[in-house]
Amino acid sequence: MSRSPIKQRKRIYLGCEGPSEQSYVVRLGQIADAAGLHLHFDNDIPRPGGDPIELVQSAIRRIKEREKHGAFAVRAILLDQDKIGLKPEWELQIKQIAAKNRLHLIWQNPCHEAFLLRHFEGQKDARPQTSHLASQALKRVWSEYHKPMVAMHLANKIDLKAVQYASSVEAAFRVFLDEIGLTCR
């Protein structure tokens, strides 16, 4: 009896700003597994703190290091948009660096909590102006939320339907999901 070779998982790089995003990526991987996708998320905090350009440049260095173990089918990074307001010229520089290195930019406007908020029914159009307001709004729809929330607790609220809901108003996120095969149409 011959064995079938083990199917290699499609490698996905998803850079994060911090532990909250990392837990979200773990949860996204669980959702992809449940959908029958054969993916491996390389869930990375390329550079804690710092400005968005440093974060993107660090992610690109980390991708190159990690691709010694095989190429990534998709490369992406979750970025809080609130830091862009500090220096508007950063946005163009980040876009250029990302395009050159085939890195999807998934902007969380203004922050991760606002991105999570848009996973809830009735919150698609919620656009809190600050991180503080985003945290308050998220707490109103999810009183148990705290930062950082581990993937196991995210599973109580974030499922495929919630991801689909958020992707309907987050264009870059939807493109990323389509590329990894978790189509949300």
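Residues are numbered from 1 along each chain as its sequence is written, and side-chain values use heavy atoms, with hydrogens and water left out. Because the model is predicted, local features need pLDDT of at least 70 and side-chain atom pairs count only at pLDDT 80 or more, whereas totals for chains, interfaces and linings use all residues.

Beyond its neighbours within four places in sequence, Leu28 is in contact (heavy atoms within 4.5 Å) with Leu14, Phe41, Val163, Phe173, Phe176, Leu177 and Leu182.

Gln108, in strand S4, counts as buried (under 20% relative accessible area with a 1.4 Å probe, protein chains only) because its relative accessibility is 0%. His112, in helix H4 (residues 112-117), is likewise buried, at 2%. The two side chains make a polar contact of 2.6 Å, the term covering N or O atoms within 3.5 Å, one able to donate a hydrogen and the other to accept it, with residues adjacent in sequence counted only if both atoms are side-chain atoms. Not counting residues up to four places away in sequence, His112 touches Ser20, Glu21, Tyr24, Asp80 and Tyr145.

In helix H7 (residues 160-167), Ala162, Val163, Tyr165, Ala166 and Ser167 are buried, and their cover includes helix H1 (19-34) and helix H8 (171-180). At the start of H7, a side-chain oxygen of Asp159 reaches to within 3.3 Å of the backbone nitrogen of Lys161.

The largest pocket has a volume of about 160 Å³. A pocket is an open set of points on a 1 Å grid over the protein atoms alone, where a 1.4 Å probe fits, with protein on both sides within 12 Å along at least five of seven lines; lining residues have an atom within 4 Å of a point. The volume is the space filled by probe spheres set on the points, which are joined across faces, edges and corners. The lining includes Phe72, Lys95, Trp107 and Glu179, and S4 gives the most to it, with 3 residues.

Notes
Helices (H or I, at least four residues) and strands (E, at least two) are DSSP runs, numbered from the N terminus. Buried means under 20% relative accessible area, exposed over 50%, partly exposed in between (1.4 Å probe, protein chains only).
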